[in-house]
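Please keep the structure open while reading.

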Amino acid sequence: MNEEISRQTIIDNEHINLLSMFHLISGILALLYSVFMALYFGFIIFVFKLSENFDGEFPIQSMGVIISIWIIILLFAIAFGIAKIFSSKWLKQRKNRTFSIVISCIECFSFPYGAILGVLSIIVLNRSSVKSIYSDQKE
């Protein structure tokens, strides 16, 4: 029986390490996506400024709502990428299990790879053996 418990602990630790690695990769990709989104936004503004359709004036007033929405999405993407990296770090350290579950739930909306990673993270983090690993780390 003791051998089975230690075997399960080894399997759980490997699963948590894999989840940590995949959360790190996902966080880095989210930050790269944010950089490309910011560059694309800068390019769009540059094109509008060069356009002759607006008589040499950039229609910043008419694009205020679009710019606001774009900035909100960009800030959310940056915050979510940083949260994924923190989740990766805390998975590796076996801390803040609830934070990792919340990030995994939010990640389920990123179809298809985020959904797969989110569902697998939720399954692994809700195992009773994984809960005991996290509770052992608190002591």
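## Helix pair α1 and α4

The model is predicted. Helix α1 covers residues 2-50, and helix α4 covers residues 113-125. Their axes lie 11 Å apart and meet at an angle of about 150°. Angles over 145 degrees count as roughly antiparallel, so α1 is roughly antiparallel to α4. The crossing of the two helices is left-handed.

On the α1 side, the contact uses His15, Ile16, Leu19, Phe22, His23 and Ser26. On the α4 side, Leu117, Leu120, Ser121 and Val124 take part. By class, this contact has six nonpolar and four polar residues, with no charged ones.

## Nonpolar core

The largest nonpolar core holds nine residues. They are Ile16, Leu19, Leu91, Ile101, Leu117, Val124, Leu125, Val130 and Tyr134. Helices α1, α4 and α5 (128-138) each supply at least two of the core residues. The biggest share comes from α4, with three residues. In soluble globular proteins, nonpolar side chains tend to be buried together.

Ile16 is a core member. Beyond residues up to four places away in sequence, Ile16 touches Leu91, Arg94, Val124, Val130 and Tyr134.

## Glu107

Is Glu107 buried or exposed? Its relative accessible area is 0%, so Glu107 is buried. Glu107 sits in helix α3, residues 97-107.

Which residues is Glu107 in contact with, leaving aside neighbours within four places in sequence? They are His23, Ser26, Phe80, Lys84, Gly114, Ala115, Leu117 and Gly118. Among them, His23, Ser26 and Leu117 also belong to the contact of α1 with α4.

Notes
Residues numbered from 1 in each chain as written. Predicted model: local features only at pLDDT ≥ 70, side-chain atom pairs only at ≥ 80, totals over all residues. Heavy atoms only, no water. Axes fitted to C-alpha atoms, helices over the stretch in contact; angles between N-to-C directions. Helix = DSSP H or I, 4+ residues; strand = E, 2+ residues; numbered from the N terminus. Parallel < 35°, antiparallel > 145°, perpendicular 65-115°, else oblique. Left-handed = near helix turned anticlockwise from the far one by under 90°. Contact = heavy atoms within 4.5 Å. Nonpolar A, V, L, I, M, F, W, Y, C, P; charged D, E, K, R; others polar. Core = buried A, V, L, I, M, F, W, Y, C linked by side-chain atoms within 4.5 Å. Buried < 20%, exposed > 50% of the residue type's maximum accessible area, 1.4 Å probe, protein only.
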